[in-house]
Amino acid sequence: MARYLDNGRQLATFAANLNDRLKMIETTPLFDIHQTQTSRLDQVDFNALEFGKVFSDHMFVMEYEGGAWQRGKIEPYGPFTMSPASMVFHYGQAIFEGMKAFRQDNGQVSLFRPGMNIARFNKSAVRMCMPEVPEDIFMEALAALVKLDASWVPDGPSTSLYIRPFMIATDSYVGVRASKKYAFSIFTCPVGAYYKQPVKVKVEKYFTRATPGGTGFAKAAGNYAGSLYPLEKARAEGFDQLLWTDAIEHKYIEESGTMNAMFVLNDVLISPETSDTILDGVTRDTVLKLAEDLGFKVEIRRFSVEELHAGLESGLLTEAFGVGTAATLKPMAEIGLDGIRYQMTDAKEWKIAPRLMREFDGIRRGKIEDRFSWNIPV
Ligand SMILES: *Cc1c(COP(=O)(O)O)cnc(C)c1O
């Protein structure tokens, strides 16, 4: 089970063997491959990529029934046909992941820390009573899909191939219980930046995203559905995103949309510690490791609204940013707290976040030595 879970030696070994594995896939694959006859690649303007609107030629699909995963396939990207009674529509068993592939400076395409996403996907699956996806099939499906659609991986600054694995309950049944049938699928999209500007966030002290004992640590679709109403209210006030606080007291900062939160207070980089209400982000882990490696002072602990307030008032809170795969590392330009809108200084002048972003992006794109073996070439 632990084969691809850590991103150290085991994944590096896997990567070294990947080309052999991919050759094997062509002869004895774990799934079938039906290639499209009509690529849509020439319809895409790679110089004006937005986020999440264009989908590559192929997708992976694998179904679960009778207590086992059936043989999967890579096929042309296209619609699913489903019963209106499919349980996902009614009881919401749906989970997903978000990861990226990058074109390296030497032209090679690499996945960034895919083992972390596979492990988290299966953690989400367990919480939502869904079957885990065997890691080797998951990894090979990712590699084969990205390799097949390698010409969809853009190479411009701020661009990448976003990869969306997901699983839904497909049993046709009315009545509340865990589904007995599921579909697991992966599609990809060439993307540009998720947020074009630094974000304006509002500290949310009434609505909650996640509760202790709930599903906040899982990438479960319902978590996002529940966050839309408070988000819309904040957007109407001119904010881009919420900065969630804990559900019990609204005294501690949790995270922001699909980003984990980080702050620089008195020159110390602080990130709220993950729990069952804070998603354990791959970008968070990456950025914290890089910060320690670069010699910044790092504290992983609860961070109170009180401390945030004092830091904003005194000016000792010099940087605030979100980190996530889709958004990468995004400075907060404005923080709304109890009706006051605090303006942060220009992020270009910050000491820590831009340095971390350069390192993070440089490693993913093969411009800076990958000293942690995070890139897995396909
Ligand atoms: C996906 C996500 C993140 C960021 O996780 P990454 O692994 O860095 O992409 C943070 N918070 C929430 C709620 C998320 O869904």
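Let's start with a term: a residue is buried under 20% relative accessible area, exposed over 50%, and partly exposed in between, using a 1.4 Å probe and protein chains only. By that rule Asp32, at 31% relative accessibility, is partly exposed.

Before we go on, this is a predicted model, where local features need pLDDT of at least 70, side-chain atom pairs count only at pLDDT 80 or more, and totals for chains, interfaces and linings use all residues. Residues are numbered from 1 along each chain as its sequence is written, and side-chain values use heavy atoms, leaving out hydrogens and water.

Now, strand 9. Strands are DSSP runs of E with at least two residues, numbered from the N terminus, and helices are runs of H or I with at least four. How many residues of strand 9 are buried? For residues 182-191, the count is 10 of 10. Strands pair if DSSP finds at least two bridges between them. Strand 9 pairs antiparallel with strand 2 over six bridges, and 10 bridges join it to strand 8, also antiparallel.

Next, salt bridges: a side-chain nitrogen of Lys or Arg within 4 Å of a carboxyl oxygen of Asp or Glu. There are 23 by this rule. In one of them, Asp32 meets Arg71, with the closest N and O atoms 3.0 Å apart. Asp32 lies in strand 1 and Arg71 in the loop between strands 3 and 4, so the pair ties together parts 39 residues apart in sequence.

Finally, Asp293, Arg355, Glu359 and Arg371 are linked in a network of salt bridges.
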